[in-house]
Amino acid sequence: MRITPVRAGSYWWDGGAMFGVVPKTLWSKFEPSDDLNRIEAAFNCFVVETAGKHVLIETGGGIRHGLRERERMRLPEPPHIRDVVASAGFEPESIDLVINTHLHWDHCGGNTVDEGDRVLPAFPKARYVTQRGELEHAREQHPRDAVSYRSVNYEHLVESGVMHLLDGDGEVAPCVEVRVAPGHNRDMMIVLVRCGGQTWCHFADLVEYASQLAPTWVSAFDLFPLQTIANKTELLGRAAAEGWWCSFGHDPRINFAKIEVTEGKWRVTQTR
């Protein structure tokens with residue numbers, strides 16, 4: 001078993017949006033902002049090698065961004081996830097499974113590629129998975145979060161049978177489990193890898209930064225903040241008690257961390 005971080009670049013977004021009701025005087029101690037109040041948000045992806053299989057978790061923000069979008073997000077010419085994966089030592093054709101924890105553009109934007117007038121899977125031999133409820137919500141195009149969903153990232157995969165829809169928790173590859181953890185939205189998943197007595201948890205956007213370990217430090221983007229707090233309290237509590245390695249959706253500096261809680265204070269104890 002090996003887990004390799006694959007960072008598909010980063011963008012910059014409003015720090016107040018990322019930290020919700022937490023005052024800037026507090027969050028800015030951990031996440032420096034630029035003169036437009038933006039903080040760095042990494043496109044954190046991972047390749048898990050398990051039982052001869054390659055599992056890619058997330059595909060980043062993709063490359064379909066106009067000039068104005070890129071200026072707004074301080075986004076340089078983004079790398080293609082296929083190239084990023086290849087530079088980490090994995091041929092795109094070797095990816096067997098792609099996990100989209102949810103279908104927001106910054107987590108599945110690299111799912112597909114354009115070839116002429118065709119939209120094709122970026123990883124031609126892979127099976128893609130996400131929650132059925134997440135796809136249903138994406139198709140609703142609710143005014144609250146419609147801007148987060150871009151159908152080009154997933155509809156062609158569904159139509160061609162490449163994307164498989166899950167109905168709840170389960171094992172998707174040897175030693176690799178997904179668990180629905182509502183909060184950021186209704187059907188977002190975390191990923192748990194258990195092997196050799198160790199556990200790694202990718203929290204995706206349930207915990208976007210290591211600086212958000214305190215359960216009440218939640219993003220303004222979360223549709224269900226009370227569920228975010230409840231799930232963070234449970235899962236981070238288990239991570240601390242059982243010595244899990246943890247990873248976060250957008251932290252630009254930490255790939256893996258162990259955490260602890262003492263008298264209600266959460267902190268990182270080890271990093272890799």
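Reader: What should I know before I start?

Author: The model is predicted, so local features need pLDDT of at least 70, side-chain atom pairs count only at pLDDT 80 or more, and totals for chains, interfaces and linings use all residues. Residues are numbered from 1 along each chain as its sequence is written, and side-chain values use heavy atoms, with hydrogens and water left out.

Reader: How do I read a nonpolar core, and which residues of the largest one touch the most other members?

Author: In soluble globular proteins, nonpolar side chains tend to be buried together. A nonpolar core is a set of buried Ala, Val, Leu, Ile, Met, Phe, Trp, Tyr and Cys residues joined through side-chain atoms within 4.5 Å; buried means under 20% relative accessible area, with a 1.4 Å probe and protein chains only. Here the largest core has 38 residues, and Leu 56, Ile 81, Phe 123 and Tyr 128 touch the most other members. Strand E2 gives the most to this core, with five residues. Apart from it lies another core of 20 residues, including Cys 201 and Leu 236.

Reader: Which residues of helix H6 are buried, and what do they pack against?

Author: Helices (H or I, at least four residues) and strands (E, at least two) are DSSP runs, numbered from the N terminus. In H6 (residues 132–140), Gly 133, Glu 134, Leu 135, His 137 and Ala 138 are buried. They pack against strand E7 (127–131), helix H7 (155–159) and strand E8 (163–166). After H6 comes Gln 141, with a positive phi near 55°.

Reader: Where is Asn 37, and which side chains does its own side chain make polar contacts with?

Author: A polar contact is a pair of N or O atoms within 3.5 Å; within protein, one must be able to donate a hydrogen and the other to accept it, and residues adjacent in sequence count only if both atoms are side-chain atoms. Asn 37 sits in the loop between helix H2 (24–27) and strand E2 (38–50). Its side chain makes polar contacts with the side chains of Asp 14 (3.3 Å) and Lys 24 (2.7 Å).

Reader: And pockets: which residues lie nearest the centre of the largest one?

Author: On a 1 Å grid over the protein atoms alone, a pocket is an open set of points where a 1.4 Å probe fits, with protein on both sides within 12 Å along at least five of seven lines; lining residues have an atom within 4 Å of a point. The largest pocket is lined by 20 residues, with Trp 13, Trp 105, Val 147, Ser 148 and Phe 221 nearest its centre.

Definitions and conventions: Buried < 20%, exposed > 50% of the residue type's maximum accessible area, 1.4 Å probe, protein only. Contact = heavy atoms within 4.5 Å.
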